[in-house]
Amino acid sequence: MKLKYLALSILFLLNVINTIAQTHTFALGDDAFLLDGKPFQMISGEMHYPRVPREAWRSRMKMAKAMGLNTIGTYVFWNLHEPQKGKFDFTGNNDVAAFVRIAREEGLWVILRPSPYVCAEWEFGGYPYWLQNEKGLEVRSKEPRYLKEYESYIKEIGKQLAPLQINHGGNILMVQIENEYGSYGSDKEYLAINQKFFKEAGFDGLLYTCDPAPDLVKGHLPGLLPAVNGLDDPAKVKKIINDNHDGKGPYYIAEWYPAWFDWWGTKHHTVPAEHYAGHLDSVLAAGISINMYMFHGGTTRGFMNGANYKDGTPYEPQISSYDYDAPLDEAGNATSKFMKFREVIQKHLPASVKLPAVPAAKPAVAIPAIKFVHSLSLLNALPAPKANITPLTFEDLRQDYGFVLYRSTITGGKTGVLKLKELRDYAVVMINGKTVGTLDRRQNQDSLTLTLPAGKAKLDILVENLGRINFGKYLLQNKKGITQQVLFAGNEVLHWKMYSLPFNNLNTVKFGTAKHNSSSPSIKKGSFNLGKVADTYLDLSHWGKGVVWVNGHNLGRYWNIGPQQTLYLPAEWLKKGHNDIVILELLKPEQNQLSGLSKPVLDQLQL
């Protein structure tokens, strides 16, 4: 027994010695960051753990090293970690602490961005939907209910990540409070509360703020390092930081954009590497630290895409691909932009430092046609309803994402206008089980002229949450579904049944063996066999609109309006041999097969 205790004591001492040996210091110098007292230039790239399969985190990080990055930046997503009030999840792809530790194993530092608000083209900007059920709660404010939930959340994040800060022997260099707050407000007391919450949660290292240049003064908390977004003129970067930091640096561009994201119905955004390589060169030459947003975008799977909405533009829900025209493409392969940026970075490294070889592109395969042998009308796959005189929103139903089917009965034998006041966001309208039209918030559509058969007509309205707004002043107007009245021929339609369809458990869908000829949304199931496992891209260009699951993984949305016409299916989620596939198709229930391509299609519009 004594020998056992002696061995344990020796092991403990060795661990302590090892921890001390690996402990570093990170501080602000007048002109540069100081790592262990020596100038250190962060060459960082943003990469979000939920947008990459956990099994692929390490390989993406190896690609970061091969491009010359020494740091990875990531947001932390509140709605992933507390999907329902008081219920936290840090498992599987949500294990952000494991993500940080793997980065350390791969020789990468981390910039952590755990603010409750992240923007990030992410559903509700990262906020959990249930905040909207807290009466009077106002996000990004000093409102007490919000601060209570915020404090609870950040303390849970602190338990996971505060021990991984550099001053505790980890690899997190700095932690960002709030996120581009100057684009939303200017309340310095609110920012100070943010700082207090972070410190109490254990984030006792370097804290900083980041804002676009025009909003930096409003969003900066005096005493913290102000980082700037979207600016890469070295002289202007240094001036704006000096002006807001007692005439000192260091200088950090927290978001440098080598391209941009996409939303439905618009062209895929691309920018040639040549337009940015020179800017990267000048920034690095000036000794400025930088974080590329994005280095690798990955995929916004499931229903987690956000949306933009401003006074001068329509509602703009983002696509599932977050390719971003980034240096590393959606599948994690090097692009020409990657290679050009690598050349620039190599030029600014000491002559003795040689970058690792660039890993070869991952293999991709074209899967032969998959036929769907089971097909079920969505109207025959409904759960138990909830009844109410007037329509209930998703939030009223305690439902986060997905779809809600609204059902009522109206008197037929006449023609009239069906009007859905404040529809959010997309509706398939059915009469007696047959689709008669669609309404699209993007197009400001809320009305449809219907000619009803005689007698009582069953009215079904399937509403899809296309993504809550993630940026701007309308964060407080994010409830989903039919949010106000339904009118037909000028009269309010009452007595509704609501069927919640979050599609978070496909096991509840019971397929028969017979096919059906549905004229309404349908769910289809099939399978395919693989002799070898590799990436592929499911071709949905001949389908209408819907969602795809493979082996239980929700790959995201498709919509034939484009630009995205394929869904990326990572090799990590495929199996040699039998694989299952399920599709929810809203518009073209007659479709019955699809194939996998070896390349993505992200640039086609079908307007």
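How many salt bridges does the count come to? The count comes to 33 salt bridges. The model under review is predicted, and the points below concern its side-chain contacts.

1. Salt bridge between two helices. The side chains of Arg 58 and Glu 105 meet in a salt bridge, with an N to O distance of 2.7 Å. Arg 58 belongs to helix α2 and Glu 105 to helix α4, so this contact ties together parts that are 47 residues apart in sequence.

2. Salt bridge between two loops. Glu 395 and Arg 468 form a salt bridge in which the closest N and O atoms are 2.6 Å apart. Glu 395 is located in the loop between β15 (386-388) and β16 (403-411), and Arg 468 in the loop between β22 (456-464) and β23 (481-482), so the pair links parts that are 73 residues apart in sequence. Glu 395 counts as buried at 0% relative accessibility, and Arg 468 is likewise buried, with a relative accessible area of 0%.

3. Arg 424 forms a salt bridge with Glu 422, the closest N and O atoms being 3.4 Å apart. Here Arg 424 is buried, with a relative accessible area of 11%, while Glu 422 is partly exposed at 40%. Elsewhere, salt bridges that share partners join Arg 58, Lys 62, Glu 105 and Glu 106 into one network.

4. Aromatic pairs. The count of aromatic pairs comes to 40. In one of them, the ring centres of Tyr 49 and Phe 99 lie 5.8 Å apart with their planes at 50°, so the pair is tilted. Tyr 49 sits in the loop between β4 (43-47) and α2 (57-67), and Phe 99 in helix α4 (residues 96-105), so the contact ties together parts that are 50 residues apart in sequence. Tyr 49 is buried at a relative accessible area of 0%, and Phe 99 counts as buried at 1%.

5. A second tilted pair. For Phe 198 and Phe 203, the ring centres are 5.7 Å apart and the planes stand at 45°, so this pair is tilted. Phe 198 is buried, with a relative accessible area of 0%. Phe 203 counts as buried at 0% relative accessibility.

6. Charges over rings. Arg 51 lies over the face of Tyr 322, at 3.6 Å from the ring centre.

7. Cys 210 is in no disulfide either, its nearest cysteine sulfur being that of Cys 119, 10 Å away. Cys 119 counts as buried at 8% relative accessibility, and Cys 210 counts as buried at 1%.

Terms used: Residues numbered from 1 in each chain as written. Predicted model: local features only at pLDDT ≥ 70, side-chain atom pairs only at ≥ 80, totals over all residues. Heavy atoms only, no water. Phe/Tyr/Trp six-rings, centres within 6.5 Å; stacked < 30°, edge-to-face > 60°. Helix = DSSP H or I, 4+ residues; strand = E, 2+ residues; numbered from the N terminus. Buried < 20%, exposed > 50% of the residue type's maximum accessible area, 1.4 Å probe, protein only. Lys NZ or Arg CZ within 6 Å of the ring centre and 35° of its normal. Disulfide = S-S within 2.5 Å. Salt bridge = Lys/Arg side-chain N within 4 Å of Asp/Glu carboxyl O.
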